[in-house]
Amino acid sequence: MNAAADAIGAAEALSRREFLRRLQAMGGLLLVADGLRIVKAADAPKYGAEAMEHGTVDDPLVFVMVGDDGWITIIAHRSEMGQGVRTGMPLIVADEMEADWSRVRVQQAAADEIKYGNQDTDGSRSTRHFIDPMRRCGAAARMMLEQAAALSWNVPVAEVHALNHEVLHDRTRRKLDYGALAKRAAKLKVPPSSALRLKKAEQFRYVGKGNVALIDGHDIVTGQARYGIDPWFKDMSFAVIARSPVLGGTVKQFDGKIAAAAPGVLKVMQMPAPVAKATFHPLAGVAVIADSTGAAIAARKLLKIDWDDGANGNYDSDAYRASMQESAHKPGKVVRESGNIDTALKAAAKTIEAEYYIPHIAHATMEPPCAVARIVAGKCEVWAPTQAPQATREDVANYLGISADNVTVHVTLLGGGFGRKSKPDFATEAALLSQALDGRPVKVTWTREDDLHHDYLHTVSVEYLKAGMDANGKVSAWLHRSVAPSLATLFNPKADHESGGELGMGFINMPYDIPNLRMENPEASAHCRIGWFRSVSNIPHAFAVQSFVAELAASDNRDHRDYLLELIGPARKIDPNSLQDKWNHGESPQRYPVDTGRLRGVVEKVTQEAGWGKKFARGRGQGLAAHYSFVSYAAAVVEVDIDELGRISVPRVDVAFDCGPQVNPERIRSQLEGAVIMGLSLAMFGEITFKNGRAQQDNFHQYRVMRMNEAPGDIRVHLMPFANWTMPLGGVGEPGIPPIAPALCNAVFAATGKRIRRLPIKDQASRST
Amino acid sequence: MDLKINDHTVTVAADPDLPLLWVLRDLLGMTGTKFGCGMALCGACTVLIDGQALRSCVMPVSQAVGKSITTIEGIGASPVGAALQGAWQEINVPQCGYCQAGQIMSAAALLQAKPQPSDADIDAAMSGNICRCGTYTRIRSAIKQAADHVGVTK
């Protein structure tokens with residue numbers, strides 16, 4: 001299984017089809033985990049967008065419609081969950097085609113990757129994968145409009161040029177609005193890629209400017225925006241489901257008579273059994289369908305269900321933590337090695353070790369999982385807040401036993417995604433319930449309790465580190481063991497090591513200048529659903545490494561910033577292959593080396609901006625952390641103020657961020673502001689625990705997330721300048737998260753001398769504990 | 001029963017114990033008001049009842065009879081609501097936007113009561129509204145901007 005688990009690149013892979021593709025990309029003949037399918041060797045590896053299922057499409061006839069009235073409709077084919085992609089992607093097309101943004105509408109694409117290219121909105125890669133195709137798309141549309149104008153005036157096309165929604169013929173001072181050219185342009189051939197003239201960067205009107213408002217801003221603030229929870233039909237029914245409280249559990253028997261007789265209830269039914277062919281499976285359970293969600297919730301309390309808990313009925317997160325700690329102190333599978341760690345540790349003048357724990361974290365999207373489905377004449381329509389439109393379409397088809405051609409997935413706005421909505425089990429539930437009601441529209445809503453009890457949680461992790469220093473205090477040896485159930489268990493429940501993608505998230509690809517290193521990954525098994533959570537395995541890896549570096553600096557009475565820069569070493573571009581990272585976020589190792597100069601750059605910038613080194617009274621302090629993920633570089637300085645009772649407040653956070661070229665700096669800033677809040681939130685409060693296989697947190701009173709009164713008053717985002725638009729883009733949605741928790745804990749240490757090695761912090765900063 | 005919603009009277013047949021949220025969303029199709037927790041913990045479902053910000057997910061619909069209900073679909077009719085909606089857009093407050101209806105409703109009640117709120121006033125009024133995307137600093141700025149705008153235009 002290990003080869004398959006490594007091949008999965010699981011942290012990035014969305015589905016079984018992606019899994020199969022990555023096996024292909026590895027070459028050779030490999031047996032797939034389920035043992036059913038043999039995959040043959042493929043060609044030389046592809047990278048980036050072209051390596052994704054269905055790659056990219058740059059055809060303006062697919063993405064752009066120009067109306068006679070001059071209104072331009074641009075298709076957004078990636079899912080909007082707050083990262084701004086419905087503004088950012090069409091903005092690239094509009095700019096390149098010289099459209100006036102005030103006359104642009106955005107329309108969301110249904111699931112159809114053959115038509116639009118890959119739609120899996122995850123991995124912080126929408127913009128970096130689609131900027132070039134979208135530019136080509138816009139340029140082709142502009143050139144077709146120019147061609148149409150030249151034909152109208154019977155002049156050479158070289159004499160005309162497009163400018164702000166018009167085509168001009170300077171010599172004769174004629175001009176035509178795009179609307180007047182629409183019909184003629186649509187009949188022209190799309191110019192080939194080789195013939196396209198892209199705009200020069202200095203001609204950009206919107207790209208890189210941050211000067212446009214959110215495309216959905218007005219709808220959101222007036223209550224007109226439509227999320228997955230919002231479709232409404234007159235004949236619609238509303239469902240909630242009682243799901244097995246334990247992963248793998250089943251319904252032994254149930255009594256739904258009392259629930260069925262409750263006010264408003266239309267039907268009580270057991271959820272159908274899983275089908276082998278699908279990827280993301282609804283959990284076993286009993287559904288209550290009623291004339292309102294409120295009635296269904298009330299009636300669900302009246303169900304009597306006898307569960308068979310299955311193999312995970314004993315899962316206890318405290319006991320599991322102890323077993324992971326045990327594993328972390330024993331040798332495990334070596335996943336990166338250079339030099340000779342054993343000799344170096346023996347020869348060290350001083351050794352330091354530490355162990356860190358990061359619990360399960362729930363996404364808790366404000367819009368819980370939900371979907372609407374109806375089936376008319378054998379064709380199913382689904383409205384879903386999904387990050388994985390194609391997987392949604394395929395899973396619904398597989399569960400209904402119909403062709404994917406007969407399934408239309410309307411992608412709504414997502415009320416938060418964070419990785420949860422990459423797993424569209426909720427859409428399949430809606431389709432199955434509609435099928436049970438002869439195709440009538442049904443809305444499934446997960447209550448908050450459902451969401452916290454049955455999430456695809458962020459993994460739980462024990463990270464053990466040991467370092468040796470030579471007589472000069474220089475780190476000569478570095479041992480890191482990471483123990484965490486893998487999200488490869490989504491596809492193979494028996495997977496027991498981190499996949500290549502998880503290892504490549506700040507663990508094996510740590511670029512520090514240390515001569516003797518060994519990274520090990522001992523076994524760990526999963527007992528709840530593990531999934532992608534915004535920035536994924538970077539969270540535990542960055543927390544451990546960035547806390548440990550601060551511990552090393554403190555042990556030597558060194559300034560943390562200077563110490564970190566020394567460990568990073570001189571500016572150099574490192575081939576990820578030399579770090580034994582074959583994954584590299586799916587990107588080319590040549591185009592995307594690990595650039596320690598850029599990592600140094602964000603450390604230097606953030607410390608300078610935050611006034612690093614200034615003196616604080618006891619109870620106040622600053623903490624620093626830096627992390628490379630999703631081919632972007634982030635560093636944070638968190639300032640804390642801790643009162644006599646150990647209550648932490650965070651007056652200010654500075655973030656420096658280098659993602660290369662910035663398409664919409666305004667949204668990049670907002671993503672980083674949000675990442676600060678989410679990072680602080682998970683560090684201070686975030687934890688899902690298990691007893692008897694059951695998640696113990698029911699709602700926001702037990703699973704706390706940061707609120708207004710706890711949030712920093714001052715968040716300063718410092719975007720690093722970039723040389724030019726030929727630089728490859730980095731990710732934005734996720735890489736702001738990893739440095740926040742360690743920077744916070746390093747600040748707590750600076751303020752109190754108390755070292756936090758177990759998240760969440762809760763009351764650990766109190767002086768009595 | 002008759003409900004007065006955004007200055008219109010609506011007749012609806014509903015179980016008197018059904019939370020107002022589900023009457024709005026499921027029976028009337030007014031989906032601007034959002035579900036987030038069902039326990040008055042997150043504020044996504046906030047509406048104004050006679051001007052007071054309340055959580056519709058725990059309020060039996062029978063308690064709203066005879067009172068004036070304002071939702072996100074209607075708040076723009078008031079100067080404070082319009083100013084908040086304007087400031088929210090100028091500052092590009094939303095990320096996913098799902099919680100923002102509730103945020104704006106809580107902010108509207110705040111500005112009605114305190115036209116020039118302090119940071120402490122904002123914390124007190126807004127800490128019942130969770131934003132998982134983390135837009136708090138922009139919400140704070142937008143409330144202040146809206147307060148200034150309303151102050152100037154009065």
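Tutor: Residues count as touching, or in contact, when their C-beta atoms, placed from the backbone, lie within 7 Å of each other. The model is predicted, with local features requiring pLDDT of at least 70 and side-chain atom pairs pLDDT 80 or more, while totals for chains, interfaces and linings use all residues. Residue numbers start from 1 along each chain as its sequence is written, and chains are lettered from A in the order in which they are written.

Where the chains meet, 44 residues of chain B are in contact with 51 residues of chain A. On the chain B side, α1 (20-27), α2 (79-90), α3 (100-113), α4 (119-126) and α5 (136-153) each give two or more residues; helices here are DSSP runs of H or I with at least four residues, numbered from the N terminus.

One residue that reaches across is B:T135, in the loop between α4 and α5 of chain B. Leaving aside neighbours within four places in sequence, B:T135 is in contact with A:G674, B:V93, B:P94 and B:Q95. B:T135 is buried because 29 C-beta neighbours lie inside 10 Å, the cut-off for buried being 20 or more other C-beta atoms within 10 Å.

Not counting residues up to four places away in sequence, A:V382 touches several residues, including A:A371, A:V396 and A:H410.

Notes. Two residues are in contact if their C-beta atoms, placed from the backbone, lie within 7 Å. A residue is buried if 20 or more other C-beta atoms lie within 10 Å of its own, exposed if 12 or fewer, and partly exposed in between; C-beta atoms are placed from the backbone.
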